[in-house]
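Please read them alongside the model.

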Amino acid sequence: MAGIYIHIPFCHSKCYYCDFYSRPCKNGAETLAGQYIKALACEWQMRRNEISQPITTLYIGGGTPSAIPPELYGYILQFLPLENVTEFTVEANPEDVTPRWAATIKSLGVNRISMGVQSMIHTELESVGRRHTPADAVKAYLTLRSAGFDNISLDLIYGLPKQTPESWEYSLNKLLSLRPEHLSAYSLTYEEGTRLNAMRLAGKIAPATDDTVVAMYQKLCKLTEDAGYRHYEISNFALPDMYARHNSSYWDFSPYIGLGVAAHSFDGKNMRRSNPADIQLYIKAMESGQSFALTEQESVYDIYNDYVITGLRTHSGISNEKMQLRFGPELVQRLVNDMQKHIAAGNIEKSHGRWRIAPDSWLISDAILRDIII
């Protein structure tokens, strides 16, 4: 299996915590968006032979894909190999979801929507620059259901400014009552260069304490489990058999092509590519048929670290047999040795030939992984 990721770098406005490459939708944005979509088609034509496996997942992310007219996607979709695609996801923000938008997206073959809700408390949304209200989120969700979407993922963030364990529990319960097929929940991070980090440095907001974040994470795990969701990756929860297939390909080392400015690609072996974050240079390069991606040939140790980090973030963990085949007995033995203190502490467990971080220890996974990567 293989996947395609398409980056749409347009947003109505920048959320305070976001460090993804994007630009605002201002006057003339539709013209630029049209040029960009044509450039994406050019890039695909140049790179279509990089991966030989059938394309089974397609993911349009950003930015905010729902910020531009959905009809534009039809131009590039006519060039992509969609005959084997079983999961086609588009990211959306609640304020963009109208009956017309939902119907148009559905007509293009999209069968999964990932929508950023982040909180069901209006003041918490305002504190990080979100444009929608909790009522907008519920309305958008119901609109998607009415349009026939039966695979919807909702995003939440915990550790927001002004958020409390009680308000976090309220947001969780509200979203779980909607019964989305999938839920992603992320701990807020203060990325360098973001408006939110500048506010933190200026003393205008105070980050949540570690104890508060731990309490929120524990509540997240408990409520999702009680509601019948499987916690299959540190930040992801799904109803039975509704896990995100495209995102899972990043964690199991399936190959994927990333199209668009700031997009990344992986050949499933040791070659990674990344497009620089400059939309004007990207469009110019594609119009002239020039290569734009930067390439990196990873060493066996780079691949080993990637494999361990991504695999141990998941419920299924990493396979001893696959590690032996890919890296050989010497590196596998080194991994076993490096994991010993965490195995003894109960942070890492082994079952049926697979190692994984114990669910109770996922919140300290970064510290665990730092001890075992090379």
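1. Buried is used for a relative accessible area under 20%, exposed for over 50%, and partly exposed for values in between (1.4 Å probe, protein chains only). The model is predicted: local features need pLDDT of at least 70, side-chain atom pairs count only at pLDDT 80 or more, and totals for chains, interfaces and linings use all residues. Residues are numbered from 1 along each chain as its sequence is written, and side-chain values use heavy atoms, with hydrogens and water left out.

2. Arg 245 has 27% relative accessibility and therefore counts as partly exposed. Arg 245 belongs to helix H9, residues 245–251; helices are DSSP runs of H or I of at least four residues, strands runs of E of at least two, numbered from the N terminus.

3. Leaving aside residues up to four places away in sequence, Arg 245 touches Thr 57 and Glu 87, a contact being heavy atoms within 4.5 Å. The C-alpha atoms of Arg 245 and Leu 58 are 9.7 Å apart, although 187 residues separate them in sequence.

4. In helix H8, Val 213, Met 216, Tyr 217, Leu 220, Leu 223 and Thr 224 are buried. Seen down the axis, these buried residues fall within an arc of 140° and so line one face of H8; the arc is that of the directions from the helix axis to the C-beta atoms. On the other side, Asp 211, Gln 218, Glu 225 and Asp 226 are exposed.

5. The cover over the buried residues of H8 includes helix H6 (165–178) and strand E7 (152–158). Just after H8, Gly 228 adopts a positive phi of about 90°.
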